[in-house]
Amino acid sequence: MKKVELFYLKNCPYCKQAISWMNELKAEPKYADLQIKMIEESEESVYADAHDYYYVPTFFIDDVKVHEGAATKEQIKEVLNKSL
């Protein structure tokens, strides 16, 4: 299984929407076993600063940025598919 990380901010409306869609998709059997490490940028700033991104939400798969910024449900699904 690939390492998936999501960088977000707890007060970001785009992050809240992305997390909601991610959780909805993870309810599907296809994605149920995916482990996604969630990194709250302001609480883990040293770790977040070590990664190359500017906007949240941002997804990394195996340390490669695959999505940055506001996302649609379809884009979240693409990220999950890449992580399988």
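1. Let me start with the helix pair. Helix α1 (residues 13-26) and helix α3 pack at an angle of about 55 degrees, and their axes are 9 Å apart. Axes here are lines fitted to C-alpha atoms, for helices over the stretch in contact, with angles running from 0 to 180 degrees between N-to-C directions. Helices (H or I, at least four residues) and strands (E, at least two) are DSSP runs, numbered from the N terminus. α1 and α3 are therefore oblique to each other; angles under 35 degrees count as roughly parallel, over 145 as roughly antiparallel, 65 to 115 as roughly perpendicular and the rest as oblique.

2. A word on provenance: this is a predicted model, in which local features need pLDDT of at least 70, side-chain atom pairs count only at pLDDT 80 or more, and totals for chains, interfaces and linings use all residues. Residues are numbered from 1 along each chain as its sequence is written, and side-chain values use heavy atoms, with hydrogens and water left out.

3. Back to the helices: on the α1 side, Ala18, Trp21, Met22, Glu24 and Leu25 make the contact, and α3 supplies Lys73, Ile76, Lys77 and Leu80 (contact means heavy atoms within 4.5 Å).

4. Now the sheet. It is open, with four strands in the order β2-β1-β3-β4 and mixed pairing; two strands pair if DSSP finds at least two bridges between them. At the edges are β2 (36-40) and β4 (64-68), each pairing on one side only. Neighbouring strands are turned by 25 degrees against each other on average, direction ignored.

5. Thr58 of β3 is the bridge partner of Phe7, and the partner of Thr58 in β4 is Glu68. Phe59 stands opposite His67 in β4.

6. What covers the faces of β3? Thr58 and Phe60 on one side, and Phe59 and Ile61 on the other, are all buried, so to speak on both covered faces; buried means under 20% relative accessible area, exposed over 50%, partly exposed in between (1.4 Å probe, protein chains only).

7. Finally, helix and sheet come together: α3 (residues 73-83) lies across β1 (4-8), β2, β3 and β4, running at about 15 degrees to β3.
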